[in-house]
Structures are given as C-alpha cells and as structure tokens.
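Thanks, everyone, for making the time.

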Amino acid sequence: MKITLGDIVFGCGSDGGGGGSVSSSHPLPNGIKFVGSTWETFDCGKYDWSQIYDASEMFSDCSNLKRIDNFPKNEINGCIDMFNRCTALESIPNGIKLKPYYTIDNMFKDCTSLTEIPYFDTSKVYSFNSAWANCDKLASFPMLDTSKGIDFYNAWNGCSSLTTFPKIEFPKAT
C-alpha cells in the first residue's frame, strides 16, 4: 500500500527522532506531518526523503522549531503551510527545490522570528498568497523570480520590519 498525503499526521515529542513509528532506516512516507512538534531543531539528514514530494503542512504549528538542518535536495511539489506558524523559526533552510506550477501559499506565514529569507528558486511558482505574511522581524528580502506569479494576495502583509526589498516584477499578477 502506498501512503499518500494526509495519511499520517504526527504530533511528535522533543527527541527529534521522528516520533511514532518513523525510522531513519526507511523512507519517510509522502505526506508525513510533524504538526505541533516540540522540537527546537530538526535534522533532515537523519531520514531518507526519496518518497517525499508533498511537504504541505509538514512542520505547521511547530512553535518551538528554531532551525532545520540538512534540508533534502529532492524537488518538492507541495509546500502549502509547510512552516506556517513556526513562530520560533529563525532561519529558512537553503536549497528548497520546487517543482513546476507550484504554490507556496502560507509557506512561512506567521514565522515571527524570521529575520531573513535565503534565495530559493521561485521561477515556477504561480501563487505566493500570504507566503511571508506576518513575518514581522523580516528585515530584508532577496531577489526572487516572480515572473510566473499571478497571486500575491497578502504575500508580505504584516512584514513591518522590512527595510530592504528588491525591485520585483509582477508581469502576470491579477
């Protein structure tokens, strides 16, 4: 049986070991979620990410999560709410790879401890709805390719500390 999005929801403990029956010797099932975890750091390098293509809500509501190490290199097709309400998250992992025609809606919404965003390829993203909303400590923002973007509703709403923002084009925005 193939495990798909929404089949597994984990509220994990503080050991960072994956909780439930997840083992580092087996691939993580697609759609796995660590919702509400109490971890402060999470080392992605401990796990086999080869089966993950949808990471929507994966770390949603992990309010103690400050850092993610060794982010996987495979492309992700789903990132909606991936880090939503991770209020202690201080930095975003480098190397996020997104598949074509994707949305990053609410991906970092309410990450109120973020101070910077690293560059990641957004050239195939069409919806940025509330992607960074309420990241009120975010002081600067990198140049991102928004050429395919059509929805930017509330993308930077509540980012009250932004002092540096590049000239971003919105050729298809509606």
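This is a predicted model: local features need pLDDT of at least 70, side-chain atom pairs count only at pLDDT 80 or more; totals for chains, interfaces and linings use all residues.

Let me begin with a term: by a salt bridge I mean a side-chain nitrogen of Lys or Arg within 4 Å of a carboxyl oxygen of Asp or Glu. Residues are numbered from 1 along each chain as its sequence is written, and side-chain values use heavy atoms, with hydrogens and water left out.

How many salt bridges does the structure hold? There are two. In one of them the side chains of Asp 69 and Arg 67 meet, with 2.8 Å from N to O. Asp 69 has a relative accessible area of 23% and is therefore partly exposed, where buried means under 20%, exposed over 50%, and partly exposed in between, computed with a 1.4 Å probe on protein chains only. Arg 67, at 38%, also counts as partly exposed.

Arg 85 forms a salt bridge with Asp 61, and here the closest N and O atoms are 2.5 Å apart. Arg 85 lies in the loop between β2 (67–69) and β3, and Asp 61 in the loop between β1 (41–43) and β2, so this pair ties together parts that are 24 residues apart in sequence; the strands are DSSP runs of E, at least two residues long, numbered from the N terminus. Arg 85 is partly exposed at 35% relative accessibility, and Asp 61 is partly exposed at 30%.

Turning to the cysteines, a search of the whole structure finds zero disulfides, a disulfide being a pair of cysteine sulfur atoms within 2.5 Å. For Cys 86, the nearest cysteine sulfur, that of Cys 62, is 5.1 Å away. Cys 86 is buried, with a relative accessible area of 0%. Cys 111 is buried at 0% relative accessibility.

Finally, the backbone. Asn 106, in the loop between β3 (102–103) and β4 (125–127), has a positive phi near 60 degrees although it is not glycine, and at 18% relative accessibility it counts as buried. Asp 110 lies in the loop between β3 and β4, with a positive phi near 65 degrees, again in a residue other than glycine, and Asp 110 is buried at 18% relative accessibility.

Terms used
Helices (H or I, at least four residues) and strands (E, at least two) are DSSP runs, numbered from the N terminus.
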